[in-house]
Amino acid sequence: MARPATGREFVEAAKEKIASAKTVEALRAAQALLLPLEFGMSLEQTAVIIGLSKSRTGKLRTRFQRIEAGAEQVKTKKGLRNHARMSLDEEVQFLAPFVAHAQAAGILPIHQLKAELERRVGGSVSTSTVYQLLRRHGWSKLAHHVKTDATAMHPSQRTAQKKNNPEA
């Protein structure tokens, strides 16, 4: 015989979440709690209805209850920055002078931003990391590469430029 479903104190919260859920994960979590309690379904039946495994459905029920009880926080994609080198607030402070200059000039030189970011974090940073940083804070539209003059180029770049443009 299966254990009786727990979490009756969260039924109203689950009904509200079902009505206002913005993600499939939030909807499924509320359904995983509500269906066994309101309709007497087993965990297996609930899993089939919400399209997950029995194990995952049980974990969703538990997590929903923990979130509603305040024992766990909702995790957002933005909050899962496992390899972050700066906090979001530090990133905003870091970008502020560049964004102010870019708004005045109309362009944000990526190479300067990349060099400053590398100096700040104390290691090399890929260009895609710089673009992701700008995208995260809504400034990707200002980002452009600034053409450099031939004297600042690496010798192999100058050779490639001459091959592509013989007049240079």
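**Salt bridges**

I began with charges and found Glu-12, Lys-15 and Glu-38 linked in a network of salt bridges (a side-chain nitrogen of Lys or Arg within 4 Å of a carboxyl oxygen of Asp or Glu). A note on what I am reading: this is a predicted model, in which local features need pLDDT of at least 70 and side-chain atom pairs count only at pLDDT 80 or more, while totals for chains, interfaces and linings use all residues. Residues are numbered from 1 along each chain as its sequence is written, and side-chain values use heavy atoms, leaving out hydrogens and water.

My search of the whole structure gave seven salt bridges. In the one between Lys-15 and Glu-38, the closest N and O atoms are 3.7 Å apart. This pair links helix H1 (residues 11–20) to helix H2 (residues 24–39), its partners being 23 residues apart. (Helices are DSSP runs of H or I, at least four residues, and strands are runs of E, at least two, numbered from the N terminus.)

I also looked up Lys-54 and Glu-44, whose side chains meet at 2.9 Å, N to O. Here Lys-54 sits in helix H4 (residues 54–69) and Glu-44 in helix H3 (residues 43–50).

**Helix H6**

Next I followed H6, which has 12 residues and reaches 16 Å from its first C-alpha to its last, close to the 16 Å expected at 1.5 Å a residue (1.5 Å times one less than the number of residues). Which residues of H6 are buried? I noted Ile-110, Leu-113, Lys-114 and Leu-117; buried means under 20% relative accessible area, exposed over 50%, and partly exposed in between, with a 1.4 Å probe and protein chains only. They cover an arc of only 100 degrees around the axis, so they lie on the same side of H6 (the arc is that of the directions from the helix axis to the C-beta atoms). On the other side, Gln-112 and Arg-119 are exposed.

Arg-119 also forms a salt bridge with Glu-116, at 2.5 Å, N to O. The two are three residues apart in H6, and therefore separated by about one helical turn.

**The core**

Last, I checked the largest nonpolar core, which has 14 residues (buried Ala, Val, Leu, Ile, Met, Phe, Trp, Tyr and Cys joined through side-chain atoms within 4.5 Å). Helices H5 (88–105), H6 (110–121) and H7 (127–136) each give it two or more residues, and H5 gives the most, with five. A second, separate core of 13 residues includes Leu-34, Leu-37, Ile-50 and Leu-60.
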